[in-house]
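Welcome! Take a moment to look over the structure below, and then we will visit a few of its parts together.

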Amino acid sequence: MLDYAKMLIPAYDPVVLNLSLHDVDTNTTADLPAEIKTYYQDELIYAAEPKLYYQQFGLKANIPAGRGKTAEWRKPTPYAKALTALAEGVTPVGHNIDVQTVTVEVDQYGDFGKISDMLKVTALDNIIIMETRLQGSQAGRTLDTVVREVVTAGSQKLFAPIVGENGEETPVLLREDITEGCYLTSDLLNKGCAVLETNNADGIDGEEYIAIVHTDIWRELMREPDWIDAAKYQGVKEIFNGERGMIGNLRFVASSEAKIIGPAEMLGIPGYTRTELNAATAGSSKDIYPKKPFSVAVAAEVTSRITAGAVYKIYVDENEYTVASVTGGDVGVCKITMTANVAAAAAGSMVCGTGAGKDGSAIYCTMLIGSGAYGVTEIEGLGLEHIVKPLGSGGTSDPLNQRATIGWKATAAAVRLVEENMIRLEHTSKWFRLQRNSN
């Protein structure tokens, strides 16, 4: 989440930078002075680095310039125990080193903003600084999400159990069975750490593992009795970006960009992920009437996709159904028709897309990470770069010198190296059960 307060700049900032952007007589394609370039580049990196939560724990292997787009890690196969006693004077057979190669190809990311010549009447340096900070935050969140999506797709996972009113736990084996009450607890965290320890995964700093949690979840964990705030060990240990505290041998990094999985879009309609039944179902009909309607035009688009072979599944009161057809219109007219009769359900029952909890719960993904679990890379010389194009630099594409641009670009990639050294814990939140969607 952006902290806009930190990006606010006074309308008349005392910092004055001598840019050709201000001078109507010097609108050329000449580069900005080196010191100005450095100033803006530093501003961009300063704004980007605090957002790199996942990237900071990856094993880095940057690609030298001129060596292509593929990074490579060599992954040795662990040796089995040598339990056969040596015979006196006899040389054992020995073994050959078994090394696997893991590769990943980098991609390039970037964006830019446009500034019109009319902004010359304002303090344009302020606009550039503000835009640079916004883009730095965008770059940091973008590059870290590239890593996050790779890391959170790992094969090792644990689901939070359903805890009844009497405290009895019911194991959860499938993501869709995660419902309200499947919270992240110290017990689940201990089970995750136990898996890493059983796999002989080393800690990030040789001792502790890292847990990357959503900021919603950190506020729940800090109430645990054995929670130690990071301020109490700052100076003794290196504090990572976003680190808030620790429990046992697990250190917690909180990020508003931590992975959340919400229900998929129903019927392929953008933003249409959850609604409720507008009227009860009797159990003898294939039709449901959603409280959140969609138009006749949208219904026609959905119908054409179904006719062409698209298959849409949704949950109604925690039961999965396949959609046969749809009818658009206002509430009471708009309906979704299933291929089978819908079980009896009361008005107000949840209707949602698949992919998350079948009761509409958003699923939070907390990652427990050991040393060397994944790798990150970029091409040397093509890391995060700030690019300013002054007014007049567009040539004939900007004949009236009306546009300047400010942008950034970077290369990045990530790859999972040792699946056994990380595990994903999936659970809900006490604070946000239905309000969150995929980020």
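Strand β2 (residues 70-76) gives the second largest pocket the largest share of its lining, 4 residues. This is a predicted model, so please read every value here as computed from it. The pocket holds about 340 Å³ of space. Its lining is made up of 14 residues, and those nearest the centre are Lys-75, Pro-76, Pro-78, Leu-417 and Val-418. Here is how the lining of the second largest pocket divides by residue class:

|---|---|

Next comes a helix. α5 runs over residues 296-307, which makes 12 residues, and it reaches 16 Å from its first C-alpha to its last, close to the 16 Å expected at 1.5 Å a residue. Which residues of α5 are buried? They include Ala-299, Val-302 and Ile-306. Viewed down the axis of α5, the buried residues fall within an arc of 65°, so they line one face of the helix. In an α-helix there are 3.6 residues a turn, so residues three or four places apart point the same way. Strand β16 (319-327) is among the parts that cover the buried residues of α5.

Our last stop is a loop. Asp-398 sits between β21 (385-389) and β22 (403-416). Is Asp-398 buried or exposed? Its relative accessibility is 4%, so Asp-398 counts as buried, the cut-off being under 20%. Neighbours within four places in sequence aside, Asp-398 is in contact with Gly-392 and Arg-403.

How values were computed:
Residues are numbered from 1 along each chain as its sequence is written. This is a predicted model: local features need pLDDT of at least 70, side-chain atom pairs count only at pLDDT 80 or more; totals for chains, interfaces and linings use all residues. Side-chain values use heavy atoms; hydrogens and water are left out. Helices (H or I, at least four residues) and strands (E, at least two) are DSSP runs, numbered from the N terminus. The expected span of a helix is 1.5 Å times one less than its number of residues. Buried means under 20% relative accessible area, exposed over 50%, partly exposed in between (1.4 Å probe, protein chains only). The arc is that of the directions from the helix axis to the C-beta atoms. Contact means heavy atoms within 4.5 Å. On a 1 Å grid over the protein atoms alone, a cavity is a set of points where a 1.4 Å probe fits but cannot get out, and a pocket is an open set with protein on both sides within 12 Å along at least five of seven lines; lining residues have an atom within 4 Å of a point. Grid points are joined across faces, edges and corners, and a volume is the space filled by probe spheres set on the points. Ala, Val, Leu, Ile, Met, Phe, Trp, Tyr, Cys and Pro count as nonpolar, Asp, Glu, Lys and Arg as charged, and the others, Gly among them, as polar.
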